[in-house]
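Please look through the sequence and the model shown here before reading the report that follows. The headings below take a few regions in turn.

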Amino acid sequence: MKLSIIITIYNNEDTLFRCVESVVAQNVDNCEIIIIDDGSTDGSGALADKWAKNDERIAVVHKPNGGTSDAKNHALDVVKGDYVTFVDSDDELSPNTLQPLMQMLHEHPEYDILEYSVLQNVGSGHECPLTLNNHLYHNALDWLSVNGCSHCWMWNKIFKRKMFDNLRFPVERRRFEDMWMMSELIAKNPVIATTSHGTYKYYFNAKGQMATMTNHCALINSQMDIIHKHSINTREKRWHKLYMDIFNIQLYVYVQTGQILIPSQTVVPRFYGGIAGLIKSLALDILGLRLSCKLFKVFRRLNSNI
């Protein structure tokens, strides 16, 4: 089995060494590392070429800037592996992550997607682990109902390459293209396994999509697209985790714009990711959507003045 590791870069000179070094250090011999330079104007492309000269597993493709989706599509057009994984150029893999995962896939050829654990927001002061349970989902919607939209990213997963047959990222979508793709993959009803082994280190990026309020509206739209595409009724208890993911983003949208972008409903109060999730779900049930958003805005304002 061959693994194709895709890294897309655009002006990532400061983080590229960390990223690529963590990938080449993985003890996976039967792999290829495809680096797509999406028209970088700094030294990223030259750094990638230096890596390629020292490691025959690395191939670098330089192309005019077309956005992340276009870069990923270029990679998918040339990969030769039986399996594909993505590593963002400002993130990294913990040592000895990929080889045991590939062994797991060798032992379980029925797995279409294997998701592994994450260390979130490295470098932000809010670093926290997302350790997954060992679980198998024969119904992809079961995976979505348990994990919600917070797991709909292409990194921290290994995919069978055939999952991308006749499927490419939308080049017109410049934000949250991963969420769109995961929704399309879920529609194919893949067998999804999750494992506690391995760690994807997701670095906080002050210039990233979720670092600014202006992108929260786009995220809600992407989340609502998943709901509509799969005809999900979030009032059903099964989908309350998914609704709470969207509600969390709605709170920040309200702080910024005063807009309500999601339908109002109640959920079963419980720990949705922690004590904060319990408090928010209780507020939602007692106060309703709009009053919960107003209260959150007041608390945000008070905290900023302390």
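## Helix 6 and its surroundings

In this predicted model, the residue Asn 189, which comes after helix 6, has a positive phi near 50°. Helix 6 itself spans residues 177-187 and is mostly covered, with nine of its 11 residues counted as buried.

Along the chain, Glu 236 and Val 268 are 32 residues apart, while their C-alpha atoms are separated by 9.9 Å.

## Cysteines without disulfides

How many disulfides does the structure hold? The number is zero, and two cysteines can be followed individually. For Cys 152, the closest cysteine sulfur belongs to Cys 149 and lies 5.1 Å away, which is too far for a bond because a disulfide requires the two sulfur atoms to be within 2.5 Å. Cys 293 is likewise in no disulfide, and the nearest cysteine sulfur, that of Cys 217, is 12 Å from its own.

Are these two cysteines buried or exposed? Cys 152 has a relative accessibility of 0% and counts as buried, and Cys 293, with a relative accessible area of 0%, is buried as well.

## Ile 9 in strand 1

Ile 9 is placed in strand 1, which covers residues 3-9, and Ile 9 is buried, with a relative accessible area of 1%. When residues up to four places away in sequence are not counted, Ile 9 touches Leu 16, Ile 35, Ile 36, Asp 37, Asp 38, Ser 40, Ser 44, Gly 45, Ala 48 and Ser 89. These contacts of Ile 9 include the isoleucines Ile 35 and Ile 36 as well as the aspartates Asp 37 and Asp 38.

A further pair places Ile 9 relative to Glu 21: the two residues are 12 apart along the chain, and the separation of their C-alpha atoms is 14 Å.

Terms used:
Residues numbered from 1 in each chain as written. Predicted model: local features only at pLDDT ≥ 70, side-chain atom pairs only at ≥ 80, totals over all residues. Heavy atoms only, no water. Buried < 20%, exposed > 50% of the residue type's maximum accessible area, 1.4 Å probe, protein only. Helix = DSSP H or I, 4+ residues; strand = E, 2+ residues; numbered from the N terminus. Contact = heavy atoms within 4.5 Å.
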